[in-house]
Amino acid sequence: MAARAGEAWAQEALFKRHARMALGLAHRLLPRDEEVDDIVQDCFVSALKRLGSLDNPQAFAAWLGSIVVRAVGKRLRRRRLLTRLGLRVPEELDPDTMAAPSAPGEVAVELRRVYAVIGSLPAEARVALVLRRVDGLEVPDIARRMGLSLSTVKRRLKTAEEFLERSRAR
Amino acid sequence: MNDREQDNDGLAQHVRVDLSEARVERVWGRVSDRLGRRRGRGWAWAGAGLCVAAVAAIIIVRARTTVSETQVASVSAWEGAQLETAADALAVTLVDGSSLKLEPRSRVEVGSRTASAVKLVLARGRIACDVTHRPGRSFVVAAGGVEVRVIGTRFSVANEEAENGIDGTDGTRVEVRVERGVVEVRGAGPNAAIVRVEAGHSWSQVTKTEALAGEAEEPAASAEPEAEAGRKASQRAARKPAPAVADARELFEQARSLWRAGRIDAAAQTYQTLLASHPRDPRAGLAAFELGRLRMDRLGDMPGAVRALEQAVALAPGAELREDALARLAAASAAAHDRSVCKRARDRYLADYPGGVHHRTVDATLCD
């Protein structure tokens with residue numbers, strides 16, 4: 001309530017509580033990206049200014065997560081367009097750098113597989129794949145976060161999974 | 001524990017990512033700036049010459065650009081036009097050589113302009129003006145219901161969100177600082193007095209959203225109000241002791257600054273001072289929590305962290321902070337081998353937050 005009233009200390013407490021979730025989520029969707037901090041910053045400013053529109057304050061984390069997911073999706077679509085127009089060099093990601101040193105071997109392999117293909121995927125398929133395979137979300141949760149219908153998410157995931165299968169076959 | 005990602009299922013917890021305190025603080029600094037929280041640096045440019053002047057000359061400049069230096073434009077424009085800045089300041093020189101300067105994230109609209117009057121409306125942010133006196137012309141800057149009438153001078157006006165209303169009032173603070181010459185300020189409200197503010201002095205008022213919060217909250221002691229009502233308001237405010245909450249806010253900000261500067265001991269001491277001197281301040285809960293975090297993560301003082309986190313749980317103003325504090329209390333007391341506190345904190349967390357984000361970690365805490 002205090003954060004809704006715009007009290008600085010309360011907003012800071014809310015930020016500190018959820019910052020790592022937002023940074024981690026944005027990083028998984030846009031790994032090693034220099035714009036992650038800017039995106040998270042934008043998302044928090046937007047969320048803190050619109051706290052009053054949140055019906056259930058307990059749902060802040062999920063709401064913020066949706067804001068981050070959609071902001072990243074928007075950024076990816078814009079980048080893809082710029083790349084097609086020849087105005088941007090496609091991103092290069094070393095998938096071997098994604099897993100933490102402490103990650104079990106099979107986890108590191110799975111992360112490598114996912115991050116080896118995401119650069120080739122359309123924005124929505126990429127986001128859906130990371131949320132499903134890396135964050136472990138169920139399809140309805142992914143649909144809510146992305147603001148898409150269940151059937152659309154399923155199609156995007158199908159596209160992404162086909163990419164994964166093709167990469168596995170190589 | 002501090003890393004929420006560790007509580008995720010799936011592969012997320014195994015992704016390598018920098019979630020350091022330094023990064024979080026850096027992002028918070030930017031968010032806080034954009035929410036208009038930080039003060040004290042905006043007036044540095046007030047000395048730069050700004051001005052508004054020529055009646056016929058007005059502006060339409062939208063500065064949503066990303067330039068690294070203050071832009072300078074010499075323009076003419078129209079009534080109803082507006083100046084708006086994004087991340088950078090904008091300086092505008094009018095045709096008669098007058099100029100005005102808009103700080104980042106500010107917006108000013110041209111309310112009206114005739115041969116005998118110019119009126120600018122500061123919707124948000126700060127504007128500094130260096131106005132050339134022109135006989136027969138009035139020049140007014142309005143902000144949040146307050147009107148500043150210029151009599152040939154250099155001054156600045158700020159219209160910003162009031163920070164946790166010093167007097168408990170939510171709203172915006174309008175502040176006027178005069179560097180040279182004299183301005184007349186009419187406060188917000190139907191019975192507001194007209195106050196004359198001279199060079200070297202300032203005047204401010206907290207207004208409730210668009211309207212009226214009554215008398216000036218902090219009329220500068222040296223401002224010379226013309227009307228009797230203004231004098232009385234000024235005297236009342238001058239007699240009023242400084243509210244304790246202002247001290248708590250200063251301590252809180254000081255502790256944060258010390259923390260950012262890496263002076264961990266001093267930061268912890270400052271939080272401790274805040275808790276001792278302002279235990280009922282709304283910031284006390286967060287201060288206790290931050291003190292607990294510092295002692296736990298940076299100072300290795302687990303018994304001290306337990307004391308601070310117990311205080312944080314007791315003072316926590318919101319469920320979320322309490323949940324984090326309880327989870328940390330379980331971990332800190334386990335590390336301090338304080339079995340009874342650990343069991344109490346763990347049991348309370350598991351009972352109060354069965355679906356909590358730290359549930360798995362707390363459940364695994366060994367208190368024996």
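**Entry 1: chain B, overall**

What share of the contacts in chain B with a separation of 6 or more comes from residues 24 or more positions apart? I looked it up, and the share is 50%; contact here means heavy atoms within 4.5 Å. I am working with a predicted model, where local features need pLDDT of at least 70 and side-chain atom pairs count only at pLDDT 80 or more, while totals for chains, interfaces and linings use all residues. For my own bookkeeping, residues are numbered from 1 along each chain as its sequence is written, chains are lettered from A and ligands numbered from 1 in the order in which they are written, and side-chain values use heavy atoms, with hydrogens and water left out.

I counted secondary structure next: chain B has 9 helices and 15 strands. Helices (H or I, at least four residues) and strands (E, at least two) are DSSP runs, numbered from the N terminus. Of the 368 residues in chain B, 51% are buried. Buried means under 20% relative accessible area, exposed over 50%, and partly exposed in between, with a 1.4 Å probe and protein chains only.

I noted the model scores, ipTM 0.88 and pTM 0.46. Chain B has a mean pLDDT of 68, with 61% of its residues at 70 or more; pLDDT is the predictor's confidence in each residue, from 0 to 100. Within chain B, confidence is highest in helix 6 (residues 302–315), at 90, and lowest in strand 1 (residues 61–63), at a mean of 33. Residues 38–79 of chain B stay under 50, and the model gives them 152 contacts beyond four places in sequence. Residues 163–169 of chain B are also below 50, with 15 contacts beyond near neighbours in sequence. A reminder to myself: where pLDDT is low, the predicted coordinates should not be read in detail.

**Entry 2: chain A, overall**

I found 7 helices and 0 strands in chain A, so to speak a run of α-α-α-α-α-α-α from the N terminus on. Buried residues make up 52% of its 170 residues. For chain A, residues 24 or more positions apart account for 60% of the contacts with a separation of 6 or more.

I also stopped at Gly24(A), in helix 1 (residues 8–29) of chain A. Gly24(A) counts as buried because its relative accessibility is 0%. Its C-alpha atom is 9.4 Å from that of Val36(A), 12 residues apart along the chain.

**Entry 3: partners of helix 7 in chain A**

Helix 4 (residues 105–117) of chain A packs against helix 7 (residues 150–169) of chain A at about 110°, with axes 10 Å apart. Axes are lines fitted to C-alpha atoms, for helices over the stretch in contact, and angles run from 0 to 180 degrees between N-to-C directions. The two helices are therefore roughly perpendicular; the classes are roughly parallel under 35 degrees, roughly antiparallel over 145, roughly perpendicular from 65 to 115, and oblique for the rest. Helix 4 contributes Arg113(A), Val114(A) and Val117(A), and helix 7 contributes Phe163(A), Leu164(A), Glu165(A), Ser167(A) and Arg168(A). I sorted this contact into 4 nonpolar, 1 polar and 3 charged residues. Ala, Val, Leu, Ile, Met, Phe, Trp, Tyr, Cys and Pro count as nonpolar, Asp, Glu, Lys and Arg as charged, and the others, Gly among them, as polar.

Helix 5 (residues 123–134) of chain A crosses helix 7 of chain A at roughly 85°, the axes coming within 8 Å. That makes this pair roughly perpendicular. Among the residues that meet are Ala128(A) and Leu129(A) of helix 5 and Leu157(A) and Leu164(A) of helix 7. The contact divides into 6 nonpolar, 2 polar and 5 charged residues.

**Entry 4: between the chains**

Helix 2 (residues 36–49) of chain A packs on helix 1 (residues 21–34) of chain B at about 50°, with axes 9 Å apart. That makes the pair oblique. The contact includes Phe44(A), Val45(A) and Leu48(A) from helix 2 of chain A, and Val27(B), Trp28(B) and Val31(B) from helix 1 of chain B. By class, I have 8 nonpolar, 1 polar and 8 charged residues here.

**Entry 5: two backbone spots in chain B**

Helix 5 (residues 284–299) of chain B is mostly covered, with 13 of its 16 residues buried. Just after this helix, Gly300(B) takes a positive phi of about 65°.

His337(B) is not a glycine, yet has a positive phi of about 60°. I placed His337(B) in the loop between helix 7 (319–335) and helix 8 (339–352) of chain B. His337(B) counts as exposed, at 71% relative accessibility.
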